Amino acid sequence: RMFHDDELEESEKFYVGQPRVLLLIYALYNTLVARSEMVCYFVIILNHMISASMITLVLPILIFLWAMLSVPRPSKRFWMTAIVYTEVAIVIKYFFQFGFFPWNKHVDYTKDKPYHPPNIIGIEKKEGYVHYDLVQLLALFFHRSILKCHGLWDEDEKGDSSSNKEDTDDELSLTGGRRDSSASLKSVNLAASVESIHVHFPEQQTAIRRKSSSSISQLSHRSSFSSHRSKRAILKNINHTTLSFYFLQCKLHAIKSHCGLCCFRTLQVYMPIRQFFYNLIHPDYSAVTDVYVLMFLADTVDFIIIVFGFWAFGKHSAAADITSSLSEDQVPEAFLVMVLIQFGTMVVDRALYLKKTVMGKVIFQVILVFGIHFWMFFILPGVTERKFSQNTVAQLWYFVKCVYFGLSAYQIRCGYPTRVLGNFLTKSYNYVNLFLFQGFRLVPFLTELRAVMDWVWTDTTLSLSSWICVEDIYAHIFILKCWRESEKRYPQPRGQKKKKVVKYGMGGMIIVLLICIVWFPLLFMSLIKSVAGITNKPLDVSITITLGGYQPIFTMSAQQNQLKSLDPNEFGEFLRSYRGNTAALQFLEGYAREDITRADLEGNSNSLWTISPPSRQKMIQGLRDFDADFTLVISWTIQRGSIQAFCLCTSSAAGVSLQPPAAASPSLEEVYPYYIKAPSDSLAKPIKQLLKDCKWENITVSLVKNASEEWWVLNQLGKRQKTPQESLELFIFSDKVSPPSLGFLAGYGIMGLYASVVLVIGKFVREFFSGISHSIMFEELPNVDRILKLCTDIFLVRETGELELEEDLYAKLIFLYRSPETMIKWTREK
């Protein structure tokens with residue numbers, strides 16, 4: 001060993017011999033120390049999510065527009081600003097907790113008002129008002145202690161002083177005859193202002209750094225980079241001198257006028273900010289990275305949150321359901337606005353990524369940070385009429401968006417990648433990338449939209465159709481490459497039959513899947529009501545009886561207590577009464593005890609019989625004519641539960657022959673439908689299988705007079721429930737209905753499911769099993785490495801600006817697919 005220390009070795013042995021739990025705690029602490037700045041960011045964002053006030057809004061914005069954009073790390077000035085600001089915020093909140101302030105006298109009334117000024121500012125009186133601020137201050141002090149332990153707390157000041165000294169020396173050496181002017185600047189105590197502000201005017205520098213890659217490719221990278229550095233230093237020194245004279249003039253003018261002093265103070269604030277963003281856009285060194293995939297995933301998660309929690313972004317929509325809203329052809333405004341904004345930001349982000357413009361990304365970052373914070377904490381509470389701290393979905397959406405802001409800041413700080421080659425899912429050739437890539441291509445319109453956007457925002461000489469052709473060939477070759485790699489990893493020996501595990505595993509699964517697809521409608525409609533069906537009992541049963549088209553003689557309704565379910569004994573007796581009746585037992589197999597409801601209808605009509613004298617005489621004449629038929633109409637209406645709002649049943653008519661009455665109450669034979677079936681649709685029908693000899697029941701009718709009032713009284717003769725008073729019984733058999741979650745499928749019916757589901761799936765399955773012979777020359781390629789390399793070369797020369805070479809390589813690719821013999825030579829095994 002080059003270095004050996006007994007104490008260090010013993011310390012290492014002691015550390016290794018500790019319990020695993022203690023080692024885990026050590027590891028977590030070391031992770032916390034290594035990412036202490038991330039802990040501070042998390043605590044600040046969490047504090048703002050819970051407080052949601054103007055006081056806590058400042059630090060998150062500074063994080064995304066200052067701290068995370070600083071190279072290589074946030075400066076001491078930022079951490080001191082955060083610490084001092086947190087301390088001042090704690091003091092302000094404590095001061096406004098006293099009860100003598102007017103808004104603190106009605107806290108219970110104003111605590112949930114989003115636009116109450118103390119709630120917006122963050123000075124309202126509440127329990128635990130300072131807990132998260134103290135945790136935030138503790139995290140900031142912890143990070144400061146970590147920086148001091150590693151000697152990084154004062155590093156920025158030392159680096160600034162040394163760099164300023166070098167810049168001053170270069171400035172004096174270049175300016176020559178202007179040393180007296182520099183001395184005069186120091187005499188007015190302007191050196192600190194000048195040294196802390198380094199301004200670069202980007203006109204010439206931008207032109208130098210943004211040359212086309214075609215001209216740069218002819219020069220060596222080292223020489224071009226050194227020339228850029230020398231030109232940048234010259235421009236930097238010249239601009240320092242110009243800025244020094246400019247500040248001297250402002251300072252001298254400020255002494256004479258108050259307006260000049262204001263202008264000078266404004267420049268002192270504006271110029272460092274301008275210089276910060278200018279150095280960010282034009283860095284001396286750039287650690288190029290690519291986190292677009294992570295930003296896209298964060299945006300996708302936000303998109304999913306909007307879809308499944310859109311009600312949190314609208315007014316009076318806390319109980320809304322996006323499925324029910326879309327089924328009623330209603331698009332909520334909040335859902336539409338949020339989806340369009342989220343989708344628009346994803347498109348703009350893709351455009352900036354393809355154009356590789358850091359300046360555009362910086363502008364987009366600033367707009368998004370200010371816009372989203374203003375909307376989430378000032379506009380959204382007014383729209384939803386509830387505070388942001390009470391909106392869980394909005395808090396989750398904001399937290400994911402903060403992750404996106406952090407990734408965007410990291411992308412800006414490091415710079416965009418020089419070359420964007422292919423899809424990020426095509427970097428490896430394994431089953432995971434294969435299935436993810438195929439799933440990506442199955443999403444409707446996603447592949448097409450990505451191809452068109454790439455063509456619009458990428459410099460190329462290919463037309464849109466040629467571009468799509470290259471993308472399709474590359475996708476197809478990538479899939480073949482994945483399958484060939486899998487064949488190399490799991491080779492199949494020659495002359496051996498396929499294993500039964502493969503045959504019964506894959507083949508059996510496909511057979512079961514095809515059988516399920518073919519018989520899916522029948523199985524679905526059979527099981528949805530018998531297994532997952534919900535009993536839909538009637539809420540109201542009404543009967544109306546009319547004689548000969550005249551005024552109805554009887555109307556009656558049964559509700560609530562008059563609608564009774566059969567108890568187990570009654571249900572068992574009901575089934576025993578049909579023993580030996582095959583048709584009745586077959587019908588009763590589809591119904592359980594809870595599906596049968598007995599309606600007890602009062603025999604006295606609930607409405608008086610009001611008929612005009614001429615109609616009364618005609619009715620009497622018709623009844624006395626015993627040789628003619630007289631029409632009796634019995635109509636029933638059954639209203640059921642909330643699953644199907646109303647089930648209105650059609651009328652049924654019967655032609656009856658009235659015989660001379662032998663008693664005071666004449667009998668109407670075979671007119672009353674004792675059993676009614678209420679299916680899931682809107683048509684209720686009588687059940688003839690349960691009637692004796694398929695004959696309806698008999699009822700008696702009589703007219704009761706009381707002074708000038710008249711009403712009819714009906715009584716059923718063959719009732720199951722024997723009652724002394726006049727009444728009618730009606731048994732309703734209610735079919736089970738599908739649950740609301742499966743109602744959209746059950747509504748199509750068996751034929752609808754076959755037409756809309758089975759035939760469509762069958763078409764795709766048929767395309768997979770037919771037409772294979774036409775694609776053999778493009779599918780059975782033993783080795784696709786050369787074709788894959790050709791596609792990658794097209795992407796590469798496009799990114800480097802060699803557009804003429806891109807056309808040549810594309811022509812070579814097209815010729816390869818037009819020539820089967822050349823394709824065979826290119827795809828042979830090496």
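This is a predicted model: local features need pLDDT of at least 70, side-chain atom pairs count only at pLDDT 80 or more; totals for chains, interfaces and linings use all residues.
1. The buried set comprises Asp 133, Gln 136, Leu 137, Ala 139, Leu 140, His 143, Ile 146 and Leu 147. An α-helix has 3.6 residues a turn, so residues three or four places apart point the same way.

2. Geometry of helix 8. Just after the helix, Gly 151 takes a positive phi of about 70°.

3. Leu 462. Look next at the loop between helix 22 (446-456) and helix 23 (464-489), where Leu 462 is found. Its relative accessibility is 6%, so Leu 462 counts as buried; the cut-off is under 20%.

4. Surroundings of Leu 462. Neighbours within four places in sequence aside, Leu 462 is in contact with Trp 455, Trp 467, Val 470, Arg 798, Glu 806 and Tyr 810. Glu 807 is 345 residues away from Leu 462 in sequence, yet the two C-alpha atoms are 7.1 Å apart in space.

5. Whole protein. The protein has 34 helices and 12 strands. Of its 830 residues, 39% count as buried. Take contacts between residues at least 6 apart in sequence: 75% of them join residues at least 24 apart.

6. Surface. The protein exposes about 48,700 Å². Carbon and sulfur atoms supply 61% of that area.

Key
Residues are numbered from 1 along each chain as its sequence is written. Side-chain values use heavy atoms; hydrogens and water are left out. Buried means under 20% relative accessible area, exposed over 50%, partly exposed in between (1.4 Å probe, protein chains only). Helices (H or I, at least four residues) and strands (E, at least two) are DSSP runs, numbered from the N terminus. Contact means heavy atoms within 4.5 Å. Accessible areas come from the Shrake-Rupley method with a 1.4 Å probe; for residues, only the protein chains shown count as cover.
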